[in-house]
Amino acid sequence: MAAEEQTAPTKPSTGSSKKRKKPRKDKWGQPIVDAGDRPAVEPEPVPAPAAAAAEEEEEEAGIYETGKVVASGLPYTTTEAEIRELFERFGPLRSLQLSRFPDSGNFRGLAFVSFESNEVAMKSLELDGFKIGNRFMRVERCRLAAGSKRKRTVEFQTDPKKADGCLSAYVGNLKWDVTETDLRDFFKSLKISSIRFAINKRTGDSRGFCHVDFEDDESLEKAVGMNQSELRGRPIKISYAVSNRG
């Protein structure tokens with residue numbers, strides 16, 4: 001049809017002629033289709049913003065941890081400094097956690113990388129399939145365990161209100177090798193009755209958070225006031241524990 005239009009007599013422009021444009025793609029690789037470029041005879045494609053909205057809805061539902069990716073298949077000899085250098089080319093890291101064998105403490109080829117922003121985390125997915133040593137690394141978004149979706153969403157997106165009679169605090173963003181002794185030293189001026197770590201039943205590793213039970217309300221309030229204080233070089237999250245009642 002383009003050839004016929006070129007040979008036809010010149011007519012005043014009506015704004016209906018179009019030039020073929022190179023298709024644009026968003027950061028998910030989906031085509032961006034402008035409303036004016038959609039052929040009337042073809043089904044309307046799903047706009048890129050809808051795909052972005054769907055991913056945002058998944059995050060709000062607690063399917064993925066915002067700004068966090070998982071790197072697996074790494075050589076056991078890879079160091080924390082090497083992993084950090086590899087991912088920091090995309091942007092600053094919030095934290096880096098290396099999974100280790102419980103018996104030996106040696107690196108098990110799995111790392112959890114948290115970025116300052118979710119956009120940077122998405123860019124780091126370009127490392128999926130990257131060869132490091134003699135192995136090909138896999139990088140994917142960090143998915144929450146099915147049983148923890150709602151709980152993690154509540155605890156991390158909003159600070160829960162203090163429940164009646166509550167004497168417990170949630171403490172998160174801990175390094176995996178933080179011990180009870182480390183926490184008792186951190187809260188050394190407060191009265192602690194017990195500390196309960198969350199443990200991965202499959203691996204036996206710490207899940208990076210715990211609950212601290214205090215002996216009195218004054219200790220609890222002081223602990224919550226220490227939110228975002230650093231423990232072993234990392235700012236930790238401290239809030240009132242979520243009540244399991246009701």
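Guide: Two residues are in contact when heavy atoms lie within 4.5 Å. The structure is a predicted model, in which local features need pLDDT of at least 70 and side-chain atom pairs count only at pLDDT 80 or more, while totals for chains, interfaces and linings use all residues. Residues are numbered from 1 along each chain as its sequence is written, and side-chain values use heavy atoms, with hydrogens and water left out.

Let us begin with Val212. Neighbours within four places in sequence set aside, Val212 is in contact with Leu167, Ser168, Ala169, Val171, Phe187, Ile192, Ser194 and Ile195. Val212 also belongs to a nonpolar core, that is, a set of buried Ala, Val, Leu, Ile, Met, Phe, Trp, Tyr and Cys residues joined through side-chain atoms within 4.5 Å. Buried means under 20% relative accessible area, exposed over 50%, and partly exposed in between, with a 1.4 Å probe and protein chains only. This largest core has 21 residues, of which Val171, Leu174, Leu183, Phe187, Val212 and Phe214 touch the most other members. At least two of its residues come from each of E9, H6, strand E10 (192-199), strand E11 (206-214), helix H7 (217-224) and strand E14 (237-240). These labels denote DSSP runs numbered from the N terminus: helices (H or I) of at least four residues and strands (E) of at least two. A second, separate core of 20 residues includes Leu86, Phe115, Val120 and Ile132.

Rings of Phe, Tyr and Trp (its six-membered ring) pair if their centres lie within 6.5 Å; planes under 30 degrees apart are stacked, over 60 edge-to-face, and the rest tilted. By this rule there are 6 aromatic pairs. One of them joins Phe87 and Phe115, a tilted pair at 6.3 Å centre to centre with 55 degrees between the planes. Phe87 lies in helix H3 (residues 80-87) and Phe115 in strand E5 (residues 107-115), so this pair ties together parts 28 residues apart in sequence. Both Phe87 and Phe115 are buried. Phe112 and Trp176 form a tilted pair as well, at 5.1 Å and 45 degrees. Phe112 is in E5 and Trp176 in the loop between strand E9 (168-172) and helix H6 (180-186), so parts 64 residues apart in sequence are tied together. Phe112 is buried, at 15% relative accessible area, whereas Trp176, at 21%, counts as partly exposed. Phe186, Phe187 and Phe214 form one aromatic cluster.
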